[in-house]
Every structure is written in structure tokens, then in C-alpha cells.
Amino acid sequence: MTSAAERFRSLHRLVGNTPLLAVDFAWRGEPRVIYAKQESLNLTGSIKDRMALHILEHGYRDGRIRPGDPIAEATSGNTGISFSAIGRALGHPVTVFMPDWMSPERMSLIASFGASIVPVSRAEGGFLGSIRLSEAFAARDPRVFLPCQFSNEANVQAHFDTTGPEIWLQLQQAGLGVDAFVAGVGTGGTVMGAGRYLRTRQPSVRVHPLEPAESPTLSTGRKVGQHRIQGISDEFIPPILKLEELDSVVAVHDGDAILLAQQLAHCGLAVGISSGANFLGALHVQNALGPTSVVVTVFADSNKKYLSTDLLRPEPVREGYLSPDVTIVGFRVFQRVCELCVDQPPPRAIPLTPR
């Protein structure tokens, strides 16, 4: 029988160490470059695999989850897919609580891994209702493990240990530093963890969280409006997000993000709507810092979970959009970071004693 330690070792080979892309484009005719991690190449196709694997591994080491224990999590999609796949690979039953307006593709993917889905309507509280229901579910069974992605510091640590070092080493291999890092905020783990690491190597790095202009939760401190960028700005400011440690919040219109994601796909980069938003957020920061500044972001997932959404429909251009002045020229791929090049602590023993 394969041990939990061996399963984690195998899963680590399928998560992280993603390519860094140099996306060549023209901004109003001027040649530019934005750098982005291609996170669709993780196990389930999104950046959330990094956090899910890290949280579960830490849970095993701390004895908070044992072999066979149920896992329950509230999610807007990608995290649920990640915990479903990785949890099932480790032998756990998984239950996902998710707002019922998320794309059908997300729900189908979760179900395909054998996880249970509890859809939550707006009348039942939407995303906050999903969290409450997952906590009530766990209260009925002491064996249930709640990853608590929005408040679990292991989420931040996952990106401090992997995403940040990978970005730094890949740019270093090309003789480049980094001026800024931009990422949309779902849980805040990516922008906090990767940003903190980059600042340990270069304290002057600017780190910007991103939100939809139609729902400026970070800027106002409360849920405002609705938007179409699934996976970010869920309904509240996550506890692990420390805005006082970050630079200014960048706002991107959801329609602009859709147009940019469509343009990236037409050049061979099939990405989700949040990736289009991240690119535009990086462009916004680059315009402030200068055209040759090195600004990095993440392409969090592919377009496969959005084929029934507005991503595949004509989107009108509105005043204030940046995408009409962007022309994607192509992209170059940086080599992946060799496992031996990433400074990680040696693996620790994982307790395997069942409850």
C-alpha cells in the first residue's frame, strides 16, 4: 500500500514549478513585455493546487487530519476542484460548498473527482453562507477537516515557499530583477505569499492586490455590486490578506478582462477571465512605473472552466477599457526551475496513525 508520504511526494511532482511566460505586446504601438506564471499546468489546471497540497500536507504533519478523514471546504470553484482531486488522491471523502451561480464546468469537474457538492443560493447567503454551512457540517462530525483557505496561513506559506522563489529564480536566470507583482485577490494567499518572498530578495518590489471595478470590496471594506471575474472578490476581505503590507489596490473592469482573455486565447494562451484581469492590472502598474519595468503576475487557470460564460461571447468595448489599446504579439517561455534549485526544507515525516 502506498504511504501518505509517498503520495505527497508524487503530488509535489504534479504541482508547482510552472513556466514563466514573457508576453510580448504593443501598448498603443509601443513594444512592451508582461511576465506571467502559467498556472494552468498544475495538476487540476489552476494555481489553487499549490495551496490545497500545502494545507493538506501541513494538516497531516500537525495531526489535524488523519487518513480517511472527511474534508469540507467553501469555495468559488478552483479551490474545490483542487481539494477534490488532491483529497481523493490521498483517500479522503470531500464535500464542497459552493455558490450556485458558479460555472457548470466547475461543478462538473468537482463531481468528476467523486466529491460531493452542496450548491448554496443567494437566499441562503451565497459565499458567506457556504462558509457557514461548511462549518455547521464540520460541527456535526469531529473528524471533518476544514482547510479554511481564507484564514489559514499555510495558504500564504504555499506561495512564499514555491510561487515567489520560482518567479525570482526564473527571472534571475534571464538576468532580470522584478519591479512589481500583481495578483487578483480570492483568498489573498498568492499576493501575500509571493509578494512577501519577492520583498525578501528585493525590498523595493511593489506588491499590488487586484479587484473588479464593478465590485470594489477591498477598497470599500464591504461587498459592493456584482462582477463576472469568478475566483476573486468573493464577498469580504479575507483574514490572511493584510492590506497594510501591500501597495495600492488595482481595479479592472470585468468586461475589459474578458476582452483581454479573449485576445490572449487568440494567440494560443487559453486563460480564464481572472488572468485577463491580472494582465491588465500588471499593465496598469507598468504604465505607472515605466514601459521597461519588470512586472509579474499569474495566469491562474485556463479557459476550460468558463466555456459557458461570457468569455466565449461578444463583449462590447466601453469607455475606460485598456484592452482596445493592447495588441498581443506572442509569448516566450522561460525554462522551469529545477527541483534542486528551489531552496526548500527537507521533507518531514508524516504521521500515519488513523483515528
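**Exercises on a predicted model**

Asn303 lies in the loop between E9 and E10, where helices (H or I, at least four residues) and strands (E, at least two) are DSSP runs numbered from the N terminus. The model is predicted, so local features need pLDDT of at least 70 and side-chain atom pairs count only at pLDDT 80 or more, while totals for chains, interfaces and linings use all residues. Residues are numbered from 1 along each chain as its sequence is written, and side-chain values use heavy atoms, with hydrogens and water left out.

**Exercise 1.** Determine whether Asn303 is buried or exposed, and list its contacts beyond four places in sequence.

*Solution.* Step 1: buried means under 20% relative accessible area, exposed over 50%, and partly exposed in between (1.4 Å probe, protein chains only). Step 2: the relative accessible area of Asn303 is 17%, so Asn303 is buried. Step 3: with neighbours within four places in sequence set aside, Asn303 is in contact (heavy atoms within 4.5 Å) with Ala270, Val271, Gly272 and Leu311.

**Exercise 2.** Describe the backbone and exposure of Arg28 and Cys148.

*Solution.* Step 1: most residues other than glycine have a negative phi, and most peptide bonds are trans. Step 2: Arg28, not a glycine, has a positive phi of about 50 degrees; Arg28 lies in the loop between E1 and E2 and is exposed, at 60% relative accessible area. Step 3: Cys148 likewise has a positive phi of about 50 degrees without being a glycine. Cys148 sits in the loop between helix H5 (126-139) and helix H6 (153-173) and is partly exposed, at 33%.

**Exercise 3.** Identify the residues that touch the most other members of the largest nonpolar core, and the element that gives the largest share.

*Solution.* Step 1: a nonpolar core is a set of buried Ala, Val, Leu, Ile, Met, Phe, Trp, Tyr and Cys residues joined through side-chain atoms within 4.5 Å. Step 2: the largest such core has 33 residues, and Val23, Phe25, Leu264, Phe279, Phe299 and Val326 touch the most other members. Step 3: elements giving two or more residues include strand E1 (20-27), helix H9 (254-266), helix H10 (273-289) and strand E10 (326-334). Step 4: H10 gives the largest share, 7 residues.
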